[in-house]
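This briefing concerns helix packing and surface pockets. The sequence and structure are shown below.

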Amino acid sequence: MVAPPNFEEGQSTYRPPRFNGQYFGWWQTRMHDFIINEDSKLWDVICDGPFVPMKVFGEGTKTVPKKRKEYNGADRKVVEKNFKAKKIIVCGIGPDEYNRISACESAKEI
């Protein structure tokens, strides 16, 4: 893929690629690779939506979402994946794009 003309940002393995409002396909490919490199499970969260810890309710026939205070360590680790994915995406966009996605609850929604 050829870099867009007048591209000002250098390459970094520590920061996500920055979207400047142009060349979305180029940025998208770079962001995908950056996220997969960070943690491949983050890409699952972006594609499939966040994990919601569930518990069995009643006589074992119905499941309902757990309340935050009922989360165990494993639940918290998996739930945090959504917030990490959101953070990476938000760090890779500018203020104009941020205004469009600021109300989104999940990385998939963004």
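Predicted model: local features only at pLDDT ≥ 70, side-chain atom pairs only at ≥ 80, totals over all residues.

The lining of the largest pocket comprises twelve nonpolar, two polar and three charged residues.

**Largest pocket**

- A total of 17 residues line the largest pocket, and those closest to its centre are Phe-24, Trp-27, Met-31, Ile-89 and Ile-110.
- Helix H1 gives the largest share of this lining, with six residues.
- At least two lining residues are supplied by each of H1, H2 and helix H4 (95-101).

**Second largest pocket**

- The second largest pocket holds about 200 Å³ of space.
- Its lining consists of Pro-50, Phe-51, Val-52, Pro-53, Arg-68, Tyr-71, Val-79, Asn-82, Phe-83, Glu-105 and Ser-106.
- Seven of these lining residues are nonpolar, two are polar and two are charged.

**Packing of H1 against H2**

- Helix H1 (residues 24-38) and H2 have axes that come within 5 Å of each other and cross at roughly 125 degrees.
- On the H1 side, the contact involves His-32, Ile-35, Ile-36 and Glu-38, which meet Ser-40, Leu-42, Trp-43 and Ile-46 of H2.
- The contact of H1 with H2 contains five nonpolar, two polar and one charged residues.

**Packing of H2 against H3**

- Helix H2 (residues 40-48) packs on helix H3 (residues 73-91) at an angle of about 90 degrees, and their axes lie 9 Å apart.
- H2 is therefore roughly perpendicular to H3, since the range for that description is 65 to 115 degrees.
- H2 contributes Lys-41, Leu-42, Val-45 and Ile-46 to the contact, while H3 contributes Lys-81, Asn-82, Lys-84, Ala-85, Ile-88 and Ile-89.
- By class, six residues of the contact of H2 with H3 are nonpolar, one is polar and three are charged.

Note on methods:
Residues numbered from 1 in each chain as written. Heavy atoms only, no water. Axes fitted to C-alpha atoms, helices over the stretch in contact; angles between N-to-C directions. Helix = DSSP H or I, 4+ residues; strand = E, 2+ residues; numbered from the N terminus. Parallel < 35°, antiparallel > 145°, perpendicular 65-115°, else oblique. Contact = heavy atoms within 4.5 Å. Nonpolar A, V, L, I, M, F, W, Y, C, P; charged D, E, K, R; others polar. 1 Å grid on protein atoms, 1.4 Å probe; cavity = no way out; pocket = protein on both sides within 12 Å on 5 of 7 lines; lining within 4 Å. Points joined across faces, edges and corners; volume = space filled by probe spheres on them.
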